Amino acid sequence: DRCLSSAATTPITATLFPGDGIGPEIAESVKQVFKAAEVPIEWEEHYVGKEIDPRTQSFLTWESLESVRRNRVGLKGPMATPIGKGHRSLNLTLRKELNLYANVRPCYSLPGYKTKYDDVDLITIRENTEGEYSGLEHQVVRGVVESLKIITRQASLRVAEYAFHYAKAHGRKRVSAIHKANIMQKTDGLFLKCCREIAEKYPEITYEEVVIDNCCMMLVKNPSLFDVLVMPNLYGDIISDLCAGLIGGLGLTPSCNIGEGGIALAEAVHGSAPDIAGKNMANPTALLLSAVSMLHHLELHDKADQIQNAILTTISEGKHRTGDLGGTASTTDFTKAVCDHL
Amino acid sequence: TYMPRPGDGAPRAVTLIPGDGIGPLVTGAVEQVMEAMHAPVYFEKYEVHGDMKKVPEEVIESVRKNKVCLKGGLVTPVGGGVSSLNVQLRKELDLYASLVNCFNLPGLPTRHENVDIVVIRENTEGEYSGLEHEVVPGVVESLKVITKFCSERIAKYAFEYSYLNNRKKVTAVHKANIMKLADGLFLESCREVATKYPGIKYNEIIVDNCCMQLVSKPEQFDVMVTPNLYGNLVANTAAGIAGGTGVMPGGNVGADHAVFEQGASAGNVGSEKIVEQKKANPVALLLSSAMMLRHLQFPSFADRLETAVKRVILEGNCRTKDLGGQSTTQEVVDAVIAALD
Ligand SMILES: Nc1ncnc2c1ncn2[C@@H]1O[C@H](COP(=O)(O)OP(=O)(O)OP(=O)(O)O)[C@@H](O)[C@H]1O
Ligand SMILES: Nc1ncnc2c1ncn2[C@@H]1O[C@H](COP(=O)(O)OP(=O)(O)OP(=O)(O)O)[C@@H](O)[C@H]1O
Ligand SMILES: [Mg+2]
Ligand SMILES: [Mg+2]
């Protein structure tokens, strides 16, 4: 195992998938900021292949996956899955092959970037492997279809454990399990039961349960009511996007996927934005903040804070904002400003 | 003017279920206001509580006979092996459409302006099928059932509603990129019905993006049509944006019957504190009962009630805590009665 205390002297190797569209531009921004901040990380770059790799049934090569497995930490730009049959979606391949079971999205109001909600500071943790996304569907008779939602004790315990671990490690006070167990008594009931079991091991953290419809309502009325939220797959998908909307959209929201054996693959949640690709217009904030989550995961908290502060200062100063935030700065202007603020 | 048929002024019987928690407070508010207006309705009141095994047969019979019911929330014990009576009632009476109107009330400041969204939600199947089982220890399954029959009739209802209410656009909410068959069937049904209403715009949105759009640009939405669970979430999000569940009216309707209740969170029975202090907000249910009066073809009574409620909100000195005030339910009721013209 890697010895983190010697991190400053021995560089850590991390996998980098620049991805498609605006991916390479925003990945370049991360590389520059990391260099300027003297983060002890060496990138191992991997690109999505042009042909299907039979070993992964996808455009991602086996070597790329091996790189993440070996380094146990990586950063990923947006990947556009080419349309066509006979291959798996890139995101699905990563999720399945690396067993990325939890998706963590910190969501906080950016100081100086005004939205209608200024008091957001929460973390959504989404179970990523089962639930409504099982892909098990069939037609029973003509005009009647069924879709299976699967909840297992193993996956629920694992994501709950991660949520409480995260809360403790980040000095958070409260974990809310989001559910609809009044209707789905067995499936969501099992999810809650697992959360309660784990909660008992963390007496210092307050545990509560919130019905998802009520959660939606509370989030839009008063998002400051929440701290860490943990939930099954579909609810996590919906709630995390809702929260991203609260703070100004997907261009600002970082995320990190946690896999078995401590793998962490950070990624921006936005797409490849083909409309502005190659034009030096993309906002690298989401990927930069994802890289910050990655640094926290590596316990390089000082570097993480330093970079995060530089990003927040640059945005709140307002002189170098990209087009999506109403400014005119280019990707490179913004990156330079972040480096200057380190 | 409204030209009634002879005899239309005869009072109509309405089944009343005060329910649990804040239910008796807010249904009590409606009773008082109806009485003060001399509205042509009288109530047949039944005690129903969420911890009963099922809705008593006589209650179902009463709704079948009266065709119209007004109800407060019924608690659903979480994980107690008791199924939701709210859901039972909808299934038993085949109230397949749930409708919630989320709109900004003049005088009530919220984060967003120009919100006027109607969420029409399929109410009988989908994730609420109640079909769940343990496959092996530690692995449970829940079935989401989507049928052509139910999808088509909810789509038809949404377009018919839009046509009759002069609404311009219907948005179908789905997750068909993941649930290709189930939500795919829902969308297919919506598209077919949409072709029969060329005057109404039709579009589709994925549910996660929908919630994000709701918190950033809610004014883009008009009528939404959704499968069961998404409708529940979308309606609550929209309600929160427009001023809270305490003010949003709604109801459930099927081919033969209609049940009016607080629009978002029908199961919302409030906290014990609100019940003790008698400070539940009656506005949502009062607006729902205005919808009920319109449904019963008493349009001028509906208008008077709605106008009085809106006047009280606009004046702003008589509001319950959820709207930033301190009034009790009774104080709001008195203000509404005083504002009736
Ligand atoms: N049958 C399946 N089982 C598990 N995951 C699936 C399945 N089908 C699709 N997925 C993956 O689930 C993800 C869900 O997509 P969705 O847009 O709802 O969520 P998301 O968090 O926004 O992910 P993304 O931005 O990668 O699309 C997709 O990345 C897709 O690859
Ligand atoms: N980082 C960014 N900086 C600036 N604008 C962005 C950024 N990301 C997305 N956008 C804008 O948001 C819009 C949506 O982009 P996004 O790529 O997420 O959509 P998409 O069509 O879902 O892509 P994909 O198919 O790759 O998922 C685009 O029009 C783009 O201009
Ligand atoms: Mg999503
Ligand atoms: Mg997506």
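This is a predicted model: local features need pLDDT of at least 70, side-chain atom pairs count only at pLDDT 80 or more; totals for chains, interfaces and linings use all residues.
## Who surrounds ligand 1

Let's start with the ligand. From chain A, its surroundings include A:S89, A:N91, A:L92, A:R95, A:R126, A:Y133, A:S134, A:G135 and A:D237. Because residues from chains A and B surround ligand 1, the site is shared between chains.

Helix α3 of chain A (residues 90–97) contributes the most to the shell, with 3 residues.

For B:K175, a polar side-chain atom sits 2.3 Å from an oxygen atom of ligand 1. In A:D237, a side-chain N or O atom is 2.8 Å from a ligand oxygen, and for A:R95 a polar side-chain atom is 3.1 Å from an oxygen of ligand 1. The protein covers 75% of the 590 Å² of accessible area that ligand 1 has on its own.

## The sheet of chain B

Now to chain B, where 10 strands make an open, mixed sheet in the order β2-β1-β3-β12-β11-β4-β5-β10-β8-β9. Strands β2 (41–45) and β9 (201–206) of chain B are at the edges with a single partner strand each, so one side of each has no neighbour in the sheet. On average, neighbouring strands are turned by 25° against each other, direction ignored.

Within this chain, β8 (residues 169–174) and β10 (residues 223–226) run parallel and are joined by 3 bridges. B:T171 stands opposite B:M224 in β10(B).

## A helix across the strands

Helix α4 of chain B (residues 148–164) lies across β4, β5, β8, β9, β10 and β11 of chain B. This helix runs at about 155° to β5(B).

Methods
Residues are numbered from 1 along each chain as its sequence is written. Chains are lettered from A and ligands numbered from 1 in the order in which they are written. Side-chain values use heavy atoms; hydrogens and water are left out. A residue is near a molecule or strand if one of its heavy atoms lies within 4 Å of it. A polar contact is a pair of N or O atoms within 3.5 Å; within protein, one must be able to donate a hydrogen and the other to accept it, and residues adjacent in sequence count only if both atoms are side-chain atoms. Accessible areas come from the Shrake-Rupley method with a 1.4 Å probe; for residues, only the protein chains shown count as cover. Helices (H or I, at least four residues) and strands (E, at least two) are DSSP runs, numbered from the N terminus. Two strands pair if DSSP finds at least two bridges between them. Axes are lines fitted to C-alpha atoms, for helices over the stretch in contact, and angles run from 0 to 180 degrees between N-to-C directions. Contact means heavy atoms within 4.5 Å.
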